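Here are my notes on the model, as numbered points. Please read them with the structure open.

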Amino acid sequence: MDLAAFWLALAPLLFVLLQGGAYWLLARNWVGASRMPVGLARVFGALKWLNLAVYIGGLVGIVAWWPSSWPIAALVGFTWVFGVVEYVNYFVVRLSYPARVWLLEVRHFRTPRLMRDLRLAGRR
């Protein structure tokens, strides 16, 4: 049960991190030169909503297979919350800044680059 709960917390995090990595690898082709291709924007737009379903499903599974010890439960909870933070960072509000300016910058609630690219791709 503990392992199932951990994987249900880790899988959504890995899913979002893979999307983020794929986005940045692909973005090298258009950032600063053009716009995100419309087809790719549709894929990432759909992933934004699919991610929510994956996180909700993961949370339901975590609750159903709640870990038997508090250290494992804390690890599972931390992993799931970290995944939610990564989702927010890519799709809601930018949270990643250099450490020396983090407190100053995060208060501006800037739109993540991925979301700006999605909006620009829709304006063709």
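**Notes on the model**

1. Asn 51 sits in helix H2, residues 38-64. Helices here are DSSP runs (H or I, at least four residues), numbered from the N terminus. Asn 51 is buried, at 0% relative accessible area. The classes are buried under 20%, exposed over 50%, and partly exposed in between, with a 1.4 Å probe and protein chains only.

2. A caveat on the source. This is a predicted model: local features need pLDDT of at least 70, side-chain atom pairs count only at pLDDT 80 or more, and totals for chains, interfaces and linings use all residues. Residues are numbered from 1 along each chain as its sequence is written, and side-chain values use heavy atoms, with hydrogens and water left out.

3. What joins the side chain of Asn 51 to that of Gln 19? A polar contact of 2.7 Å. Such a contact is a pair of N or O atoms within 3.5 Å; within protein, one must be able to donate a hydrogen and the other to accept it, and residues adjacent in sequence count only if both atoms are side-chain atoms.

4. Phe 91 is worth a look. Leaving out residues up to four places away in sequence, Phe 91 touches Gln 19, Phe 44, Lys 48, Asn 51, Pro 112, Leu 114 and Met 115.

5. The largest nonpolar core has 21 residues. A core is a set of buried Ala, Val, Leu, Ile, Met, Phe, Trp, Tyr and Cys residues joined through side-chain atoms within 4.5 Å. Those with the most contacts inside it are Tyr 23, Met 36, Phe 44, Phe 91, Leu 114 and Leu 118. H1, H2, helix H3 (70-91) and H5 each give two or more residues to this core.

6. The structure holds 2 salt bridges. The criterion is a side-chain nitrogen of Lys or Arg within 4 Å of a carboxyl oxygen of Asp or Glu. Arg 110 pairs with Glu 105, closest N and O atoms 2.3 Å apart. Both are partly exposed: Arg 110 at 35%, Glu 105 at 23%.

7. Asp 117 pairs with Arg 113 at 3.2 Å between the closest N and O atoms. The two are 4 residues apart in helix H5 (residues 113-121), so about one helical turn separates them. Asp 117 is buried at 3%; Arg 113 is partly exposed at 26%.

Note on methods:
Contact means heavy atoms within 4.5 Å.
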